[in-house]
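Visitor: Could you take me through one part of this model in close detail? I would like to look at the salt bridges.

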Amino acid sequence: MYSEAKERYAALGVDTDGAIAKLKTVPVSLHCWQGDDVRGFDTDPTKPLTGGIQTTGNYPGRARTPEELMADIDLVLKLCPGTKKLNLHASYAIFADGEWADRDKLEPKHFQPWVDFCKARGLGCDFNPTFFSHPKCDPLTLSSPNEETRRFWIDHGRACIRISQYLAEELGQPCVMNIWTGDGFKDIPADRLGPRVRYKESIDAILAEPFDFNKVKPCVESKVFGIGVEAYTVGSAEFALSYAAAHPGKCIPLMDNGHYHPTEVVSDKIPALLAFFPEIALHITRPIRWDSDHVVLFDDETREMAKEIVRCGDLDGRVKMALDYFDASVNRIAAWTLGFRSWQKALLYALLTPGDDLKRAQDEGDFTALLVEQDELKTLPFGEVWAQYCRECGVPEDGAWLEEARRYEREVLSRR
C-alpha cells in the first residue's frame, strides 16, 4: 500500500521517501508538564495551581515523583516517531535528600538528573522559568510595583539563563528558554503603562546575565488573557513582539497558538514574523474558545501551521517547535502521545504538499486551480505514508499504540 501511495504522490512531483527522511531529523520538544498536571517538584503538590494556570480533570495515575515522570516520558518516547527534545519548567528541579532551593537560588546541579536522562536518550532540552504557583506571586511577578518581588523573580530568571546555558553545553544542542508570566488584572486597571515598563526593565535585567546566544535562545511569550487576569495582560502580543524586535541577538519571539483571540490564527502569523526575524519559536496547543490547552489533534489549523513552517523554510531550523498542553481528564500518556504524533502528522502532511506547483498557480493568478488542487490533496493516501514513517522510526502505527498505553495504565498508573 505504501508503494501505491508513493506512486500517487510521485505523479505530483512529491518524493515521499525524501519527506520521511527529512522529518526524521527535525527536533520537536516534548513538554514534561503533561505528565503531572504542571505540579513540579519544588512546592507542596497538594496546593492549587495559581498565576493563570489551571488543569481540569482528575484522571488516576498522575506522576508524583521525578522517577514516575521519567518513566512516563520514556513510554511516550517509545510510542512517538521522530527526533525529540525535552522541555522543562524550573519547577521540575530535583533536589538531593534534605536539600531545597527557592526559585531565585536554583542552580544547574538541580537539573543534573534531567541531563543524565537526556544524555541516555540522545535528547536536547529546552527550558522555562516558572513564574507561577509560588508564594512570591503577589499576584504580579516581573511587573510588580513591589521592588522586592521583582528582584526575586529577576534573580529567578537570571538563574534560569545559567541553567539553560548548562543544558545547552551538556547536551550539545541549543536551549530555547521561554519567559512567560501570568501578570495582569482581573478588572479594568488604572495604569496600563507602568506594569509594562516594569516588565520590560525586568526582562532587560534577566537578559543582562551573560549567555551565548548560539546556545541559549531566550524568548518572550505573549498571551491575550489568563484566569484571573481577564481585563489586562501585561505581556500582550504587542509587548512581546516589540520586545523581541528591539533586542536582536538576545531574544526571539515565541507564539503560542492558544494565546490569541479566537478568530486569530498563528498559521498566518508565522510567515509575517519570518519576514523580519531570523528565528522564531512556537508553543503548539489546541485552543477551544480560549487558551484551554487541549491535546493537539491533526486538525485544520495544526496542518496550516505546519504547512507554513515547511513553505517558509523547509524545516531549516528557523522555527523552534515545542508542544504545550495539559489534560488531566484523560489518560495522560495517551494525551501526550496523541499530541506529539498529531504534530508529526501535520509536519509530514506539509512535506507531502507540492508547494512549488501551488505557489506557481497563485503567482500566475490561477486561483481556480489553486482551490481545486489544495482540496483534492486531502484525499490522497497520506495515511499509508504516515504508517511507513512510523515503521521506519520503529514505533507503533495508528491503531496499535493505544493498547500499549492501556497496558501501562493497568500495570503502572493504576497502582499510584
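Guide: Happy to. Buried means under 20% relative accessible area, exposed means over 50%, and partly exposed lies in between (1.4 Å probe, protein chains only). This is a predicted model, in which local features need pLDDT of at least 70 and side-chain atom pairs count only at pLDDT 80 or more, while totals for chains, interfaces and linings use all residues. Residues are numbered from 1 along each chain as its sequence is written, and side-chain values use heavy atoms, with hydrogens and water left out.

A salt bridge here is a side-chain nitrogen of Lys or Arg within 4 Å of a carboxyl oxygen of Asp or Glu. Searching the whole structure gives 35 of them.

Let's start with Asp42 and Arg103, whose side chains meet at 2.7 Å, N to O. Asp42 sits in the loop between strand 1 (27-31) and helix 3 (66-79), and Arg103 in the loop between strand 2 (83-89) and helix 4 (112-121), so the pair ties together parts 61 residues apart in sequence. Helices (H or I, at least four residues) and strands (E, at least two) are DSSP runs, numbered from the N terminus. Asp42 is buried, at 7% relative accessible area, and Arg103 is buried too, at 1%.

Now turn to Lys215 and Glu169, which form a salt bridge at 3.4 Å, N to O. Lys215 belongs to the loop between helix 6 (193-207) and strand 6, and Glu169 to helix 5 (residues 147-171), 46 residues apart. Lys215 is partly exposed at 31%, as is Glu169 at 45%.

Finally, Arg64, Glu68, Asp72 and Arg416 are joined in a salt-bridge network.
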